[in-house]
Amino acid sequence: MLRFGLFGTGHWAAQTHAAALATHPYAQLVGVWGRDPAKAATLAATYGVAPYTDVDALLADVDAVAVALPPDVQAEIAVRAATAGRHLLLDKPLALSLPDADRIVTAAGRHAVASVVFFTSRFNPAMVEFLARPADGAWHGARGTLFAAISEPGNPYGASPWRHTHGGLWDIGPHVLSIVLPVLGPVARVAAMDGPAGGVHLLLRHTGGATSTLSLNLDGPPAAKTFDVAFFGEPGIVPVPHRDVTTGQAFHTAIDALAEQVDSGRPGHPCDVVFGREVVAVLAAAATARAEQRTVDVRH
């Protein structure tokens, strides 16, 4: 049984993290910390656990943390948690800068804690099966179009300041990168160009020679919403499977993945903080390419 502290009080924290932790057979939700103590108290009361006003007090009472906070806030919590020897179940993106991502990786490695970054699609059984298929170098590249409509009435993330500030590159870019990178390998160079309505278009050159094109928009027209990712090459054009489980079920699987590392005493998972850092490196290079209108090398 892993004792978890939940950091965050928003919709994602309540509806995905807390709900899954409260129903998982090998997890115990101990308490909730949030930047707004009143919201932390409300969420904690919903699940019959304690609200905490001090980060270190909650860390002292748990084995692991689940973090559902803006990426820059998550980075600070993750470093403190890892330094305290607490295992990490984090959200994407790992951080909003490469130095912050590096700090998390360093702390996790130094203190030998297990880690999982919750890239939702990577905990979908159909996607796991798809990514496990041998490619034998047959893929020439990938294309991805991810359009969301965060301002659509009823969207629970419509009031999220960090999402509006950093846009689709940092919010939905990690989703497609988490699928493309395991198949085509690391990215060497990135070019980027802005599109209408806050959209961004990326051209990626992978170290093995493949190329990917990604179109991302967080705040587009509701009628244009889509999640379309496909690989192309010798087998033809092959779309990736759509998610066939709920986010709560996927988060259950992420908890399983963290618990398995802890039980085995061997930290390491395909979606650990090292992989999370690789995704941040691509996003950071794309942000620079976008701002400076040039092609940028990715820091590995």
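Begin by selecting the open sheet of 6 strands, whose order is β3-β2-β1-β4-β5-β6 with parallel pairing; strands here are DSSP runs of E of at least two residues, helices are runs of H or I of at least four, both numbered from the N terminus, and two strands pair if DSSP finds at least two bridges between them. At the edges stand β3 (50-52) and β6 (115-118), and because each has a single partner strand, one side of each is left without a neighbour in the sheet. From one strand to the next the twist averages 25°. This is a predicted model, in which local features need pLDDT of at least 70 and side-chain atom pairs count only at pLDDT 80 or more, while totals for chains, interfaces and linings use all residues. Residues are numbered from 1 along each chain as its sequence is written, and side-chain values use heavy atoms, with hydrogens and water left out.

Next, select β1 (residues 2-7) together with β4 (residues 64-67), which run parallel and are joined by 4 bridges; Gly-5 has Val-65 as its bridge partner in β4. Contact means heavy atoms within 4.5 Å, and angles run from 0 to 180 degrees between N-to-C directions, with axes fitted to C-alpha atoms, for helices over the stretch in contact.

Move on to helix α5 (residues 98-110) and helix α10 (residues 273-292), which pack at an angle of about 170° with their axes 9 Å apart. The two helices are therefore roughly antiparallel to each other, a label given to angles over 145 degrees, whereas those under 35 count as roughly parallel, 65 to 115 as roughly perpendicular and the rest as oblique. To display their contact, select Leu-98, Ala-101, Asp-102, Ile-104, Val-105 and Ala-108 of α5 with Val-273, Val-274, Arg-277, Val-280 and Ala-281 of α10.

Now turn to helix α1 (residues 11-23) and helix α9 (residues 247-264), which pack at about 55° with their axes 9 Å apart, and that angle makes α1 oblique to α9.

Finish at strand β7 (residues 139-147), which is joined by 8 bridges to the antiparallel strand β11 (residues 226-233), where Phe-147 has Thr-226 as its bridge partner. With strand β10 (residues 211-217), β7 pairs in the parallel sense over 7 bridges, and here Arg-143 stands opposite Thr-213.
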